[in-house]
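Hi,

Here is the structure I promised to pass on. Have a look at it first, and then read my notes below.

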Amino acid sequence: MAKVHLARGSGKDSISALLEPYLKGAALKATDLVAVKIHAGEQGNTRFVGPGRVAAVVEALRLTPGRVFLTDTTVLYRGRRLCAPDYLLLSSEHGFGPPVTPPFIVADGLRGTDDVEIPLPGNSDPHPARIARVIAESDAMVVISHFKGHLLTGFGGAVKNLGMGCASRAGKLFMHSGIRPVTKASKCTGCGNCAEHCPSGAIALTPLASIDPDACVGCGECIQRCPAGAIGTDWGQEKGEFARRLALYAMAAFSSTRVLVCVNFVTDVAPDCDCLGDTGPEVVEDIGVLASTDPVALDQACLDLVTAADGASGTFSGTGRGVEKFGLLHPGTDPEAQLSEAEAVGLGSRSFDLVELGT
Ligand code: SF4
Ligand code: SF4
């Protein structure tokens with residue numbers, strides 16, 4: 001049964017005590033490149049795991065040799081994380097980088113296309129996973145996740161951070177359905193930039209842009225190239241399939257490098273993910289920081305703790321199951337689907353032994 005450790009505090013000493021058992025025997029070499037996977041927060045977001053807490057995790061990593069850097073991937077939607085230069089500036093504005101933390105490197109290149117193909121585990125789909133090159137080529141990784149709600153999966157934690165957070169833009173598009181980009185006629189100016197860069201000739205200008213879904217290969221280039229924000233993704237897909245693909249990608253990312261430990265901060269637990277600016281009132285009071293080598297057991301433990309906690313800020317009346325809490329926030333989601341799918345593909349176990357530090 002997987003062990004999950006819990007520190008009730010989220011200060012430097014708590015984090016150090018929590019991570020020491022995982023890191024001091026890690027047997028890294030001084031030349032190893034160690035990725036610390038973070039989410040540096042979208043502009044306006046204040047709930048992401050901040051540079052002080054990330055620095056505390058990095059401090060614990062000094063128990064072992066290796067060259068440490070922070071990393072994350074670009075995203076599909078418009079914002080300050082759409083391409084590497086914007087994300088580098090935003091991460092710096094959010095306090096990441098020297099002298100507070102090691103340098104921040106965008107994992108999937110200038111435009112989100114730099115990836116490595118990793119076979120999807122036990123999947124009949126002929127498409128391999130597209131994992132960001134920096135992550136796949138790292139020698140080891142520590143996965144830092146903020147546990148909070150999510151509009152497609154109910155909640156987001158380590159499995160979500162591995163699956164979606166380590167994929168390049170093409171991988172993200174694969175997970176987001178049979179998803180293909182869709183154009184918004186009200187915003188399109190007919191400039192043709194998307195069609196010019198589409199690698200499969202799937203975009204016609206008549207005179208506004210329209211996308212042929214049969215010709216589109218889901219590369220996401222048009223989203224990145226459109227200056228008007230007129231191309232988005234169809235978020236209305238069947239969420240069960242999304243959970244299955246997310247689990248497959250999490251397994252691919254996990255197997256692409258050596259994951260030393262996954263760390264979940266169950267702090268500032270907001271209804272929505274760190275990709276949004278305003279994420280609403282907290283769902284529960286802060287619970288603490290949890291760690292495990294098993295991302296499925298880790299997320300399950302966090303979900304169970306949220307289940308047992310009282311609602312905060314009047315968000316919920318009385319107590320309710322964590323599943324129901326997140327399900328209430330995001331109707332139509334099944335917060336447990338990603339965990340059952342992840343267990344099914346062999347990423348980990350939903351059974352765990354919770355060990356609380358100092359007890
Ligand atoms: S996602 Fe790629 S292939 Fe599809 S329309 Fe956009 S640029 Fe073309
Ligand atoms: S790049 Fe954007 S604005 Fe220009 S034609 Fe394509 S969808 Fe329209």
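A residue counts as near a molecule when its C-beta atom, placed from the backbone, lies within 6 Å of it. With that in hand, on to the ligands, and please keep in mind that this is a predicted model.

Ligand 1 is surrounded by 14 residues, and the closest are C198, C216, C219, E221 and C222. Sorted by class, the shell around ligand 1 comes to 10 nonpolar, 3 polar and 1 charged residues.

You'll find an open sheet of 8 strands, with the order 4-3-2-7-14-15-1-16 and mixed pairing. Its edges are strand 4 (104–106) and strand 16 (352–356), each of which pairs on one side only. On average, and ignoring direction, neighbouring strands of this sheet are turned by 25° against each other.

At the strand 16 end, the partner is strand 1 (residues 2–7): these two pair in the parallel sense over 5 bridges. If you want a spot to start from, A2 stands opposite F352 of strand 16. Helix 1 packs on the sheet, where it touches strand 1, strand 14 (259–266) and strand 15 (288–292). The direction of helix 1 makes about 0° with that of strand 15.

Helix 1 (residues 12–23) has another partner in helix 2 (residues 51–61): their axes come within 9 Å and cross at roughly 40°. How do we name that arrangement? Angles under 35 degrees would count as roughly parallel, so helix 1 and helix 2 are oblique to each other. Their crossing is right-handed. From helix 1 the contact takes K12, I15, S16, L19, E20 and L23, and from helix 2 it takes A56, V57, E59, A60 and L61. Those contact residues divide into 7 nonpolar, 1 polar and 3 charged.

Helix 10 passes helix 12 in a left-handed crossing. In this contact V296, D299 and Q300 of helix 10 meet L339, A342 and E343 of helix 12. By class that gives 3 nonpolar, 1 polar and 2 charged residues.

Last, a few backbone details to look at while you have the model open:

- The peptide bond from P98 to P99 is cis, with omega near 5°. P99 sits in the loop between helix 3 (84–93) and strand 4.
- The bond from T206 to P207 is cis too, with omega near -5°. You'll find P207 in the loop between strand 11 (203–205) and strand 12 (209–211).
- A27 has a phi near 55°, which is a positive value in a residue other than glycine. A27 belongs to the loop between helix 1 and strand 2 (33–37).

That's it from me for now.

Cheers

Methods
Residues numbered from 1 in each chain as written. Chains lettered and ligands numbered in written order. Predicted model: local features only at pLDDT ≥ 70, side-chain atom pairs only at ≥ 80, totals over all residues. Axes fitted to C-alpha atoms, helices over the stretch in contact; angles between N-to-C directions. Helix = DSSP H or I, 4+ residues; strand = E, 2+ residues; numbered from the N terminus. Parallel < 35°, antiparallel > 145°, perpendicular 65-115°, else oblique. Left-handed = near helix turned anticlockwise from the far one by under 90°. Contact = placed C-beta atoms within 7 Å. Nonpolar A, V, L, I, M, F, W, Y, C, P; charged D, E, K, R; others polar. Pairing = 2+ DSSP bridges.
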